Amino acid sequence: PKAPRTSTRKVFKTLHETVTALAGVDDLQETAMRLFLHCAVAASACGPAKELIAYEFMVQAFTLYEDIADSKAQLRAIVQTFLGTPDGIPPWGSNP
């Protein structure tokens, strides 16, 4: 069967709502942070029109990072997540 058509904006809105809900669970904050970063990469891959959406996902990821109280968890987040993610995102405002 053919998949129903939906806009990428609606998909990213649903993803944002879902990951935000996960971020509200203490044991899932690191996971939510990684998901926000993956969503940022996915939004960036959709082209310049989704630049603001990608930026919002990055803001949410950094906000979660700041909320993580455990310094070991913050270090793990930097090493495992933040260092590799920017490679998947082209410079914002650039024309491919």
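Which residues in α2 meet which residues in α3? The legends below take this contact and its neighbours in turn.

**Figure 1. Overview of the predicted chain.** This is a predicted model, in which local features need pLDDT of at least 70, side-chain atom pairs count only at pLDDT 80 or more, and totals for chains, interfaces and linings use all residues. Residues are numbered from 1 along each chain as its sequence is written, and side-chain values use heavy atoms, with hydrogens and water left out. The chain has 4 helices and 0 strands, in the order α-α-α-α along the sequence. Helices (H or I, at least four residues) and strands (E, at least two) are DSSP runs, numbered from the N terminus. Of the 96 residues in the chain, 29% are buried; buried means under 20% relative accessible area, exposed over 50%, and partly exposed in between (1.4 Å probe, protein chains only). The accessible surface is about 6600 Å², and carbon and sulfur atoms hold 59% of that area (Shrake-Rupley method, 1.4 Å probe; for residues, only the protein chains shown count as cover). Among contacts with a separation of 6 or more, 64% join residues 24 or more positions apart; contact means heavy atoms within 4.5 Å.

**Figure 2. Helix α2 against helix α3.** Helix α2 (residues 29–45) packs on helix α3 (residues 51–67) at an angle of about 160°, and the axes lie 8 Å apart. That makes α2 roughly antiparallel to α3. Axes are lines fitted to C-alpha atoms, for helices over the stretch in contact, and angles run from 0 to 180 degrees between N-to-C directions. Angles under 35 degrees count as roughly parallel, over 145 as roughly antiparallel, 65 to 115 as roughly perpendicular and the rest as oblique. The α2 and α3 crossing is left-handed, that is, the near helix is turned anticlockwise from the far one by less than a right angle. On the α2 side the contact is made by Gln29, Ala32, Met33, Phe36, Leu37, Cys39, Ala40, Ala43 and Ser44, and on the α3 side by Ile53, Ala54, Phe57, Met58, Gln60, Ala61, Leu64 and Tyr65. By class, this contact of α2 with α3 has 14 nonpolar, 3 polar and no charged residues (Ala, Val, Leu, Ile, Met, Phe, Trp, Tyr, Cys and Pro count as nonpolar, Asp, Glu, Lys and Arg as charged, and the others, Gly among them, as polar).

**Figure 3. Helix α1 against helix α2.** The α1 and α2 axes are 8 Å apart and meet at an angle of about 165°. That makes α1 roughly antiparallel to α2. The crossing of α1 and α2 is left-handed. Phe12, Leu15, His16, Val19, Thr20, Leu22 and Ala23 of α1 touch Gln29, Ala32, Leu35, Phe36, Cys39, Ala42 and Ala43 of α2. This contact has 11 nonpolar, 3 polar and no charged residues.

**Figure 4. Helix α1 against helix α3.** Helix α1 (residues 8–23) and α3 pack at an angle of about 5°, with 12 Å between their axes. The two helices, α1 and α3, are therefore roughly parallel to each other. Phe12, Leu15, His16 and Ala23 in α1 meet Ile53, Glu56, Phe57, Gln60 and Leu64 in α3. The contact of α1 with α3 includes 6 nonpolar, 2 polar and 1 charged residues.

Figure 5. Glu30 belongs to helix α2. Leaving out residues up to four places away in sequence, Glu30 touches Ile68, Ala73 and Arg76. From His38 to Ala61, 23 residues apart in sequence, the C-alpha to C-alpha distance is 9.7 Å.
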